[in-house]
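Me: Could we go through this complex together, one question at a time? I would like to start with the chains and then look at their sheets.

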Amino acid sequence: MDPYQWWQDRLAEEFFGPSAAGRPVVLYVDNDKAKALRGPDGPDLVEAVQARLDWYHRYDIFDGIFRTVSAWKRGTRVQPPPCLPLLAVCVLAGTLMRREGRVWSSNYYQRLVECLPMPRSTEQESLRRLRMSYEQIPAHWEILGGWMREQDGARGIVTFPDVGRRKGSQSWIVLALSQAIVRERDLPELERFFRSPLGRSAVAAALAELVSALRRWEGLDTGRLSPPLQEALATARSDRDEILGGILAAVAGSSHRPTIPVQVPGQAMEAGRLGLVLQPKFVDADWGNWEAGWHAPIVDGVDGDALTGAGWSLTVRAEPGLTSYTLTGDLPAVETALVRGLTATGTRLRIAQRPRDLLVAAEDDAAGAWVAGDAVDTDEPLLFVVRDDRLGAVVDAVRAAVGDVDPEQGPFPGWHVLRDVLFTDAAAATAVFDRLGIGVAVRASPRLRLVGGLRIGRESGEGARGSRYLLEGPPDVALPAGFDTAAPVLLNGRRLRPPPTGRVIRLRSLGLAEGTYTVQAGGFTRRFTLHPPQCPTTAGDIEGLPAGSGRSLTVPHGAKVYFLHVDGHVTPVGEPAAPRWWTRRGTTLRAFSYRVIPPREAVWLAAAGSSTIVRQLRDDSPNIGRLTAADAQAWAHFVLSSQAGQPHEQAWRRYQQAVLNHRSMITHEVGWKTR
Amino acid sequence: MTFDPDVLLAWLADRQGGSLASLYRTIAWYAGDRVDPTDLTRARRLVLTMNELGVLAVDWRQRQWEAQPSGLATLPGRESVALFTGVVREAQLEAAMGAGVRVVVHRNDSRGQLPMPSTWWLVYEDDQRLSAAAARGGLPLEPDAAVRRSATLRAVEPGRPAEPPGRQGPPMARWNRRTMTFQAADRRHLGDGLYQRETYGTAKEYLLCRGDRWFWTTPAEGRYLVGGETSQPLRWEFEEGKGDGAVGVLSVDSGMPLPLAHRRIAVLCTGLPPVLDRTPGQVMYDGVPRNVADRIATSLSSTLKVCA
């Protein structure tokens, strides 16, 4: 497929598909977004556009693209006009400017030239031709805006300014830049503003006044806004306020109020239906065997409803005392919903959710799971659930912000999770979320935390879940951001020494005993318990060395050891030297005994040391033959040794008598007696 | 408080298992006064070592770890010494003590890395004393563990079938038998051999190509399956003993590391981690019986050079 057409289809699907219905559409495309949309096999966006440019056209290098619009106009116009890749590159250039902190600078074109350089030409010539041709770009925005309005919001709501009001070359670029100012993550906060008394009156005022009212609104939590919008609101500038006001007016004046991710309970949305949000939730059931399900916060005023989607149904019921619905019915699989998106309609509620490839979930005690909602706090561990094609970018971004992370297998094939990602800085978290296009707000919520520690036991025993530690591994205490380190921090009522630097007090060096501990700092309290190592459960029956485990016998070091044969012949056993690795590796090993393997013909093993050891190897009567002096000398250690009470007592005595009666032995004994 | 690897062992025994990510972070925190807690490099290395020592088992695909049950295994050679295996707890060591036995500890050299868990041995007078000690400590006994386990080693084979790599995707590198390194490969021309493919971050996966069929493999098994041009991947040097009881040093070319099962058996001969001799690039395992070295070489379809 032609790369330009590939991108036209891809952008149409992403931004103007059915899930855009009723939502303000911001054609926000930066490098990360372009990479994500491209996927592993797609063509490059910039190259696709570059291939359609006619750099040698006298007036308009974009003419080739503009000429395809005529054919589109004559057609069914079901799909957006064929200018999406071109406009996306224009926005992309704007995002590159923003990164340099010169949003309103005229060198927008410089960035555009970097994206779209004229082949085999100078930068200056490229710039000249681009600037000259750029006056055609507003026409493309106008065509796109007109088409969106024709669709009556079914393919999204326009958020770029009205072209008719924009005059002069300086204003051409604001259309592209407008798409980089308001992001989707801003919509929940803007929705709150529009529903406030101040917001309701301001939408009827002039555009600049609407922006001014937003700045004045006491309920505004700027931490939940995207950085570009935060920046735009930080200082008043009439030209920029005019654009921003136009975008805000477009959002506020929409006949379709946003459904996702905005959740404003009690407000009518469409045909009297309220928006219900199904939030994916995840439970680590058994070390990495994730279970996925749904969590649905209660919509004010709606006790229950039955919703029907494509091939599935859902009944929600509000139970007393709970903040989320009880869900029954034939619910859609979470994986499928993430891939395809989710729409359903009931009598009072409506669901419309887009496909997602990246979720950020926080632990929700009420749900007993990680829940992917629309806002998270700093200083709380987060779970990233990522489709594999985005994993590299997500790992890089998170690693740069919080340090090393280790992806694990996720809840579905082709997905991974990053566990316990902790942001302590809301701005840093927002920057990461923004870069990754995560439509989740970050609230700065500094709190007293217990960090690290040798945490034991998953849920049982004394101490709340997750607050039990091994005796030798108590956690550190991390003080909240902004906490006055001179203020008292108490551990079971005893004041702790403040940290010399930083905000972390280490408890490991205090030699804490087993028990329950309470940490207090400011208005915060945290508890934990310390436990000694668990005693092992004694294995039932431990078998001895299995029969036949070896023919070896153990004999003590330092003893004289012999194998005795049926004919009285004796085989002395050499004592092994200590293995060389014992000394080479610096061990302190010193063995009591060593192992010997008896020859098959031996009848007895006998050892003479601090005590005498005699073991019968087989039952065979003595048949003493000729004994050498060495044999006789060895037997001399044992001929008087009693084995009374041993099973082999009789057999041993027969050997003793046979040897004693032997001539060579007598001779030897005489000699011994004489000596 | 200093980093005590045996406290970590007690924690592993208590925890029994969990995610690798949490394990890395816990180790990095516990070693906080030695390393930057956000740098998991040394924690990862320690986990690799504990995996090799048989203290824990790691499922790299699922990114999970599991503590290995404790036990007692008699060492090869003639001396009456048994090794405490798995995640042995202090209470078990204390319970095992008694008449006719002695517990000996060896603090393993960390060589600039995080300290490894200690090696614990039980020196015993005779088999009855050994059995009694094992019963007191609740420890299953495994006589001649290294020899027995080596007898069960199978010839290494390609893993389960894999999808052939496409023309596009993450970078791939092919194992060069001559240079003993992975070198960038052109996805349009992938022939027989061992391939390394980047997945994300630092993670890699290994594929074996035979004919037009592709298989999953591990980096170590894959190298033996395609072979290396090292002159002596495996060398055994006699030290003491006779016949089947002869023990010596098994040296392995560091470019051709043993697969995990083989490494564990070699470690089981002493309970000590191998020693890396950087100059000739050899990893050396002590106290390995000749017959164990033979079986390791046979299962890897490799030759064993024996030095008397």
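**Chains, contact and strands**

Reply: Gladly! In chain A, contacts (C-beta atoms, placed from the backbone, within 7 Å) between residues at least 6 apart in sequence join residues at least 24 apart in 66% of cases. This is a predicted model, where local features need pLDDT of at least 70 and side-chain atom pairs count only at pLDDT 80 or more, while totals for chains, interfaces and linings use all residues. Residues are numbered from 1 along each chain as its sequence is written, with chains lettered from A and ligands numbered from 1 in the order in which they are written.

Me: What percentage of chain B is buried?
Reply: A residue counts as buried if 20 or more other C-beta atoms lie within 10 Å of its own, with C-beta atoms placed from the backbone. Chain B has 308 residues, and the buried share is 44%.

Me: Which helix gives the largest share of the side of chain B that touches chain A?
Reply: The contact draws 62 residues from chain B and 51 residues from chain A. Helices here are DSSP runs of H or I with at least four residues, and strands are runs of E with at least two, numbered from the N terminus. Seven residues on the chain B side come from one element, the largest share: helix 2 (residues 20-30) of chain B.

Me: In the open sheet of five strands in chain B, which strands stand at the edges?
Reply: Two strands pair if DSSP finds at least two bridges between them. The pairing in this sheet is mixed, and the order is 6-7-5-4-8. An edge strand has a single partner strand, so one side is left without a neighbour in the sheet; in chain B these are strand 6 (101-106) and strand 8 (141-142).

Me: Which helix of chain B packs on that sheet?
Reply: The helix touches strand 4, strand 5, strand 6, strand 7 (119-124) and strand 8 of chain B. Its direction makes about 135° with that of strand 7 of chain B, using axes fitted to C-alpha atoms, for helices over the stretch in contact, and angles from 0 to 180 degrees between N-to-C directions. The name is helix 5 (residues 127-137) of chain B.

Note on methods
Contact = placed C-beta atoms within 7 Å. Buried ≥ 20, exposed ≤ 12 C-beta atoms within 10 Å, placed from the backbone.
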